[in-house]
Amino acid sequence: MTLQQEIVGNAMQMAVVNLNPGQTVYCEAGKFLFKTTNVTMETRLSGPPGAGQQQGGGGSGGMGGMLRQAMGTAMQVGQRALAGESLAFQYFTSHGGEGTVGFAGVLPGEMRALELDGTRAWFAEKDAFVAAESSVQFGIAFQGGRTGMSGGEGFVLEKFTGHGTVIIAGAGNFIDLNPADFGGRIEVDTGCLVAFEEGVQYGVQRVGGLNRQGLMNAVFGGEGLSLATLEGNGRVILQSLTIESLANALKKAQGGDKQGPTGGMFSTHAG
């Protein structure tokens, strides 16, 4: 069942979700705004059950099933803790009729509702997840090896699988691209990536070589030493504002973190 939702607002959007009787939606802790009184709220450490799983410890699993469920929950919480994500989810269920719940991201920017049909997963930047219906599974994907070590914001990704609607948020405005429309490959600032479909290959490459121009790009260009690369055929969502650039703008507005002409690498801030 597709989640009935409407994304409203401009500079700071929010999602207004209409729940059918008995329908459940869950969000990351801290993304909830409001609800009608017939919608119950429950906080859990565990994510929604995957295909074939059951809530609770009943059924033929007995004590063994309860133990497996407890171990699974502990692994989920551990993964989210390592990724710096919220440790708990909040679940909202409508009772006695239709209900309404409101959610929002944490930064000025856009929101997007993605529809999963079970054939392709979606990957998103850390903290992009806002809410999803209970038929969507939330997971953490760690980029390993050289990609993970040099990827900056791209080291930890959120992964969404299953069927249904998932709502994500980012900073600034969104643009949708497909690498296949640009020769099969695009390169972006690692902080601009919001989400991409399974089938798009994600990687990280160094900005130029260890030569004069490469060092100029890294020191004066504001991109650091790496760019994210996206290859293949699938949807990619980018954001126009990065968290780093927003943080730097706020520091400048407050008169702190005075930077020299070379930017953050040679900051004159003594603290």
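The side chains of aspartate 176 and arginine 112 meet in a salt bridge, 2.9 Å from N to O. By salt bridge I mean a side-chain nitrogen of Lys or Arg within 4 Å of a carboxyl oxygen of Asp or Glu. This is a predicted model, where local features need pLDDT of at least 70, side-chain atom pairs count only at pLDDT 80 or more, and totals for chains, interfaces and linings use all residues. Residues are numbered from 1 along each chain as its sequence is written, and side-chain values use heavy atoms, with hydrogens and water left out.

Back to the pair. Aspartate 176 is in strand β13 (residues 174-177) and arginine 112 in strand β8 (residues 111-117), so these partners are 64 residues apart and the bridge links distant parts of the chain. Strands here are DSSP runs of E, at least two residues, numbered from the N terminus. Aspartate 176 also forms a salt bridge with arginine 235, with the closest N and O atoms 3.6 Å apart. Arginine 235 lies in the loop between β17 (226-231) and β18 (236-239), so this bridge ties together parts 59 residues apart in sequence.

The cut-offs are under 20% relative accessible area for buried, over 50% for exposed and partly exposed in between, with a 1.4 Å probe and protein chains only.

The structure holds 7 salt bridges. Another one joins lysine 31 and glutamate 28, at 3.0 Å between the closest N and O atoms. Lysine 31 is buried at 5% relative accessibility, and glutamate 28 is buried with a relative accessible area of 5%.

What about a buried charge that has no salt bridge? Glutamate 125 is one: the nearest side chain of opposite charge, lysine 126, is 9.2 Å away. Lys and Arg count as positive here, Asp and Glu as negative, and His and the chain ends are not counted. Glutamate 125 is found in strand β9 (residues 122-125).

Last, the rings. Tyr26, Phe89, Tyr91, Phe129, Phe138 and Phe160 form one aromatic cluster. Rings of Phe, Tyr and Trp (its six-membered ring) pair if their centres lie within 6.5 Å; planes under 30 degrees apart are stacked, over 60 edge-to-face, and the rest tilted. A search of the whole structure finds 12 aromatic pairs. In one of them, tyrosine 26 and phenylalanine 89 are edge-to-face, 5.5 Å centre to centre with 85 degrees between the planes.

Definitions and conventions. Helices (H or I, at least four residues) and strands (E, at least two) are DSSP runs, numbered from the N terminus.
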